[in-house]
Protein chains: 2
Amino acid sequence: MVPHMPHLLVTNDDGVHAPGLAALAAALRPLGRVTVLAPERNWSASGHVKTLHKPLRVHDTQLADGSPALACTGAPSDAVALALLGLLDLPVDLVVSGINPHANLGHDVTYSGTVTAAMEACIFGVPGVAVSTEHTQAIGYEPAAAMAAKVAAWVLDHGLPAGLLLNVNIPALPAGAIRGIKLTRQGQRVYRDALVTRQDPRGRPYYWIGGEDPSGLEDPGTDFAALAAGWVSITPLHLDLTADWAAAALAGLVGPHPAA
Amino acid sequence: MVPHMPHLLVTNDDGVHAPGLAALAAALRPLGRVTVLAPERNWSASGHVKTLHKPLRVHDTQLADGSPALACTGAPSDAVALALLGLLDLPVDLVVSGINPHANLGHDVTYSGTVTAAMEACIFGVPGVAVSTEHTQAIGYEPAAAMAAKVAAWVLDHGLPAGLLLNVNIPALPAGAIRGIKLTRQGQRVYRDALVTRQDPRGRPYYWIGGEDPSGLEDPGTDFAALAAGWVSITPLHLDLTADWAAAALAGLVGPHPAA
């Protein structure tokens, strides 16, 4: 019996020419056949997009390291949908998205294009892994890519339960300094957005959503705490946003209409 | 003591001229001061967007019924962020988004611009309510708008727990035929997307994400089941996507690195 060669789809939200994508694809190639299909432009902070109103184009291109890839005109989740709907000639066993050059922690997951690619895989019933790091020039992407390959290899061997995706964040440390892998829960972002009002040359106002970078509460068990302590954070995510804990607080709102 | 007049921010993802927005604003005006700030264009299926890379413009406009409103160049969540960061001269007590002309059920909440507006409110610590219906010309928006006003009045009176938003879906029924309000959980969408491949006049392929409309599993307790049975579905949502139930399945993936 010929062993099955796994087929990995690799995508991102920074666009097909981003160095983090090339590093990820290179690290995953030893695990099986790798197809890269990624947006041709940057979709950061784009959220979960499905392009239904206009056609999508796919064209051949090259990654930052010169290796072949496919680029598409849609969002990260469109790239995943195109591949999983049959654009490629081979079924996909695993979708890996990244490497995002900034961590995706706390509420970031609701904005993150990197995470939505893994969400889309999950909706299609295919294991999805989102990979992010706090990129620095000094460290580069290689330590994060090696950790991503370790996680991907485990998922190819063991699978993921239905309805689950993994949000992986890797500390910006040399490979030897990363302490290991922790399972975490999604923490709390502290946003410090501020409205910046300016005037254009004709005296009309325009606005920037500015302010300081958001921080995070490093509560024990969270993604923020693990990353700050030098661990890889893996947060298992699902797409069920139901807040079961809120039922009692809402009891007074529900019920049949009184008879007229 | 002068009683506090509540200030409601009303927005949507279909754009400021959509009739569902005008119907919602009209129904909410008896509850307090209503400010409408909505995207100038349609952002359906846009996901949770934060516009950080370019400036945003805000201009005066009119709703479909001629009443005054503000339009902005960003996404629904940008409209909420602008308002809650201080664009308006008065703090906002409640954000209501809608009325979306299609239900937002199951995984739809991860794509829905209507829901992301309420998510953004939640992140700012302000109660957020997303309102959707299956619009028909025969029924119009008025029954849904009246139900939205009922929910909004309750939330203004009672508040919402921190971290909670409400996803409200209203059946396309005349007001008297709506049976009441049920608290639900997010159900499962069944997508039937298909890849449609075409050729342009120069023989190059392009792609549509097509296929049949998604359906939903009407399991007891879900948003789908309530709506199908003629009830208003209120699903309490939070932004914590952590899948606590998955810890055991992932136990083999985590741990410290072995000593080198």
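1. A residue is called buried here when its relative accessible area is under 20%, exposed when that value is over 50%, and partly exposed in between. With that cut-off in hand, the buried residues of helix 2 of chain A can be listed as Pro76(A), Ser77(A), Asp78(A), Ala79(A), Val80(A), Ala81(A), Leu82(A), Ala83(A), Leu84(A), Leu85(A) and Leu87(A). Because 11 of the 12 residues of this helix, which runs over residues 76-87, are buried, helix 2 of chain A is largely enclosed by the rest of the structure. Please keep in mind throughout that this is a predicted model.

2. How are the two chains related to each other? A rotation of 180 degrees, with 0.0 Å of shift along its axis, places chain B on chain A with an RMSD of 0.0 Å. That is the relation of a two-fold axis. The same surface serves both copies, since 100% of the contact residues of chain B recur in chain A. To find the rotation axis from the side of chain B, look for Gly47(B), whose C-alpha comes closest to the axis among the residues of that chain, at 2.2 Å.

3. The overall build of chain A can be described with a few values. Its secondary structure comes to six helices and 12 strands, and its C-alpha atoms fill a box of roughly 70 × 60 × 45 Å along the principal axes. A compact globule of 260 residues would have a radius of gyration near 18 Å, and the 20 Å of chain A agrees with this. Of the contacts in chain A between residues at least 6 apart in sequence, 76% join residues that are at least 24 apart.

4. What share of the residues in chain A is buried? The buried residues make up 58% of the 260 in that chain. The accessible surface of chain A comes to about 10,500 Å², and carbon and sulfur atoms account for 56% of that area. As for charge, chain A carries 15 positive and 22 negative side chains, and the centres of these two sets lie 4 Å apart.

5. Asp78(A) counts as buried because its relative accessibility is 1%. Once neighbours within four places in sequence are left aside, Asp78(A) is in contact with Val49(A), Lys50(A), Thr51(A) and Leu56(A), and also with Ile209(B).

6. Strand 5 deserves a careful look in both chains. In chain A the strand covers residues 94-100 and includes Ile99(A), and the peptide bond from Gly98(A) to Ile99(A) is cis, with omega near -10 degrees. In chain B, Ile99(B) likewise lies in strand 5, and the bond from Gly98(B) to Ile99(B) is cis with omega near -10 degrees. Ser97(A) also belongs to strand 5 of chain A and, at 0% relative accessibility, counts as buried. Not counting residues up to four places away in sequence, Ser97(A) touches several residues, among them Thr11(A), Asn12(A), Thr114(A) and Val129(A).

7. Thr133(B) has its place in strand 6 of chain B, which spans residues 128-133, and at 4% relative accessibility Thr133(B) counts as buried. The C-alpha atoms of Thr133(B) and Asn167(B), which are 34 residues apart along the chain, are separated by 11 Å.

8. Leu183(B) and Ser233(B) are 50 residues apart in sequence, while their C-alpha atoms are 6.1 Å apart in space.

9. Trp231(A) lies in the loop between helix 6 and strand 11 of chain A and is buried, with a relative accessible area of 11%. Apart from neighbours within four places in sequence, its contacts include Arg179(A), Ile181(A) and Lys182(A), together with Gly255(B) and Pro256(B). Trp231(A) and Trp245(A), by contrast, are 14 residues apart in sequence and 30 Å apart in space, C-alpha to C-alpha.

Terms used
Residues numbered from 1 in each chain as written. Chains lettered and ligands numbered in written order. Predicted model: local features only at pLDDT ≥ 70, side-chain atom pairs only at ≥ 80, totals over all residues. Heavy atoms only, no water. Least-squares fit on C-alpha atoms with pLDDT ≥ 70 in both. Contact = heavy atoms within 4.5 Å. Helix = DSSP H or I, 4+ residues; strand = E, 2+ residues; numbered from the N terminus. Rg over C-alpha atoms; globule rule 2.2 N^0.38 Å. Buried < 20%, exposed > 50% of the residue type's maximum accessible area, 1.4 Å probe, protein only. Areas by Shrake-Rupley, 256 points an atom, 1.4 Å probe, with all protein chains shown as cover. Lys, Arg positive; Asp, Glu negative; His and termini not counted. Charge placed at Lys NZ, Arg CZ, Asp CG, Glu CD.
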